[in-house]
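Welcome! Please keep the structure open beside the text as you read.

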Amino acid sequence: MSDEFLTIAISSRALFDLDESNLIFEQEGLEPYRRFQIARENTTLLPGEAFAFVKKLLNLNHLLGRRGVEVVLLSRNSADTGLRIFNSIKDHGLDITRAAFSGGSSPYRYARAFGCSLFLSSHLQDVSEALENGLASALLVGGGARGADNEDLRIAFDGDAVLFSDEAEKVFAERGLEAFVSQEEKSADEPLAGGPFRDFLEGLEKLQQEFSDVRCPIRTALVTARSAPAHERVIKTLREWNVRLDESLFLGGRDKTDFLRAFGADVFFDDQAINCERASAHVTAGHVPHGVKNK
């Protein structure tokens with residue numbers, strides 16, 4: 001993460017609706033795609049899955065009166081075909097000035113160079129490679145163009161394999177629920193190792209500290225399938241990290257969708273694709289293909 005501000009990387013297909021042009025690329029090839037984009041480079045692209053989330057992130061700079069957040073565009077386009085994307089960024093009034101156009105290869109490798117702590121994309125291979133190289137990343141699905149109906153930026157996280165390592169999930173997968181509960185009770189005083197989103201959460205909390213407790217425009221939530229007594233280890237782990245979440249929901253395996261709607265999540269990160277699919281009709285969901293359940 002940058003020492004100066006929280007930096008997020010976003011792919012062009014996550015930021016804007018590029019389904020039509022992507023279909024041309026897949027069916028007709030690169031040159032027809034290039035001609036299509038150039039012919040429409042002054043036609044503003046519609047918002048994509050991450051648009052509302054990015055807009056709220058950038059609005060934090062206005063509320064702070066300084067740059068506390070930066071969003072960097074990472075795109076598989078060339079600069080030639082990417083001109084339409086930059087024009088759309090300008091037309092939508094988004095304060096995004098830095099970009100890497102990788103000309104068809106995976107752009108995630110530039111995320112570290114830009115000091116990013118999170119990479120959001122609509123390309124599974126890029127997300128998987130980013131996670132394998134220790135960068136928090138998620139595949140965005142559903143709900144983003146609409147966004148949540150509140151002014152605050154609200155981000156929800158699953159616990160195991162997202163904020164925390166998948167060590168507890170491995171016990172559940174290999175030995176079942178009873179063994180998982182028993183192990184978590186025995187290990188209640190042993191902090192869980194950090195997962196791929198630990199650094200991003202810590203960066204968010206630092207940003208929260210720039211605002212008053214009375215009116216902080218960032219709200220975070222843990223939304224986990226855990227329940228008592230497996231909750232204790234999670235609480236003590238966050239305490240050990242000196243990290244605070246605004247809300248914690250221990251659902252005992254219940255469907256998370258209604259709880260995410262009640263929280264008003266702008267984006268929700270979970271390692272299980274089924275949870276993301278269920279939630280995606282109502283909120284932007286970020287699938288984190290990490291951990292034992294994605295092997």
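## Two sides of a helix

On one side of helix α3, Leu30 and Ala39 are exposed. Here exposed means over 50% relative accessible area, buried means under 20%, and partly exposed lies in between, with a 1.4 Å probe and protein chains only. Helices (H or I, at least four residues) and strands (E, at least two) are DSSP runs, numbered from the N terminus.

The model is predicted: local features need pLDDT of at least 70 and side-chain atom pairs count only at pLDDT 80 or more, while totals for chains, interfaces and linings use all residues. Residues are numbered from 1 along each chain as its sequence is written, and side-chain values use heavy atoms, with hydrogens and water left out.

Which residues of α3 are buried? In this helix, residues 30-39, they are Pro32, Tyr33, Phe36 and Gln37. These residues cover an arc of only 130° around the axis, so they sit on the same side of α3; the arc is that of the directions from the helix axis to the C-beta atoms. The buried residues of α3 pack against α2 (19-28) and α5 (79-91), where contact means heavy atoms within 4.5 Å.

## Helix α10 and what follows

Helix α10 spans residues 231-241, and its buried residues are Arg233, Val234, Thr237, Leu238 and Trp241. Seen down the axis of α10, they fall within an arc of 130°, so they line one face of the helix. The face turned away from that buried side carries the exposed residues Arg239 and Glu240.

The peptide bond from alanine 228 to proline 229 is cis, with omega near 5°.

Asparagine 242 follows α10 and belongs to the loop between α10 and β8. Alanine 161 is found in the loop between β6 (153-157) and α7. Each of these two residues has a positive phi although it is not a glycine. The table sets them out with their values.

| Residue | Phi | Relative accessibility | Class |
|---|---|---|---|
| Alanine 161 | about 75° | 0% | buried |
| Asparagine 242 | about 60° | 66% | exposed |

In helix α8 we find valine 181. Its relative accessibility is 24%, so valine 181 counts as partly exposed. Between valine 181 and phenylalanine 164 there are 17 residues in sequence and 16 Å in space, taken C-alpha to C-alpha.

## The whole protein

Now let us step back. The secondary structure comes to 12 helices and 10 strands. The radius of gyration is 19 Å, close to the 19 Å that the globule rule gives for 295 residues, so the protein is as compact as a globular protein of that length. That radius is taken over C-alpha atoms, and the globule rule is 2.2 Å times the number of residues to the power 0.38. Along its principal axes, the C-alpha trace spans about 65 × 45 × 35 Å.

How much of the protein is made up of buried residues? They account for 53% of the 295 residues. Among contacts between residues at least 6 apart in sequence, 75% join residues at least 24 apart.
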